[in-house]
Amino acid sequence: EQIHKLNELAAQRGEKLADMALAWLLQKKEVTSVLIGASKTQQILDNIKGIESAGFTEEELRLIDEVSVEKKA
């Protein structure tokens with residue numbers, strides 16, 4: 001359910017979930033670097049999209065935080 005909600009948000013932003021996740025990590029001031037893994041060149045190119053991603057609105061950040069801490073019933 002959490003992944004589904006985050007996928008929906010990423011789609012609304014015109015991104016894949018992985019791209020949004022990298023962008024989210026990169027906007028965190030406590031994160032100094034993000035390591036990516038890739039077995040294909042295209043995966044590296046896709047990961048670069050996280051750097052080029054649009055910033056997050058306060059509402060998007062609130063939703064990500066809210067979804068990330070949800071517990072299963």
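Modeller: Before the packing, one term: contact here means heavy atoms within 4.5 Å. Please also keep in mind that this is a predicted model.

Biologist: Which residues of H1 are buried?

Modeller: In H1, the buried residues are Leu-6, Leu-9 and Ala-10. Looking down the axis of H1, these buried residues fall within an arc of 100°, so they line one face of the helix.

Biologist: And what does the face turned away from the buried side carry?

Modeller: That face of H1 carries Ala-11 and Gln-12, which are exposed.

Biologist: How do the axes of H1 and H4 lie relative to each other?

Modeller: The axis of H1, which covers residues 2-12, and that of H4, which covers residues 58-68, come within 9 Å and cross at roughly 165°. Angles over 145 degrees count as roughly antiparallel, and H1 and H4 are therefore roughly antiparallel to each other. As for handedness, the crossing in which H1 passes H4 is left-handed.

Biologist: Which residues meet there?

Modeller: From H1 there are Gln-2, Lys-5, Leu-6 and Leu-9, and they meet Glu-60, Leu-63, Ile-64, Val-67 and Ser-68 in H4. Sorted by class, the contact of H1 with H4 has five nonpolar residues, together with two polar and two charged ones.

Biologist: What follows H1?

Modeller: H1 is followed by Gly-14, and the phi of Gly-14 is positive, near 75°.

Biologist: Switching topic, is Asp-46 buried or exposed?

Modeller: Asp-46, which lies in helix H3 (residues 41-52), has a relative accessibility of 13% and so counts as buried, given that buried means under 20%.

Biologist: What is Asp-46 in contact with, leaving aside its neighbours in sequence?

Modeller: If neighbours within four places in sequence are set aside, Asp-46 is in contact with Lys-16 and Asp-19.

Biologist: One more residue: where is Val-34 found?

Modeller: Val-34 sits in the loop between H2 and H3, and at 25% relative accessibility Val-34 counts as partly exposed. Once neighbours within four places in sequence are left out, Val-34 is in contact with Leu-22, Leu-25 and Leu-26.

Biologist: How many residues apart in sequence are Val-34 and Leu-22?

Modeller: Val-34 and Leu-22 are separated by 12 residues in sequence, while their C-alpha to C-alpha separation in space is 7.6 Å.

Definitions and conventions
Residues numbered from 1 in each chain as written. Predicted model: local features only at pLDDT ≥ 70, side-chain atom pairs only at ≥ 80, totals over all residues. Heavy atoms only, no water. Axes fitted to C-alpha atoms, helices over the stretch in contact; angles between N-to-C directions. Helix = DSSP H or I, 4+ residues; strand = E, 2+ residues; numbered from the N terminus. Parallel < 35°, antiparallel > 145°, perpendicular 65-115°, else oblique. Left-handed = near helix turned anticlockwise from the far one by under 90°. Nonpolar A, V, L, I, M, F, W, Y, C, P; charged D, E, K, R; others polar. Buried < 20%, exposed > 50% of the residue type's maximum accessible area, 1.4 Å probe, protein only. Arc of directions from axis to C-beta.
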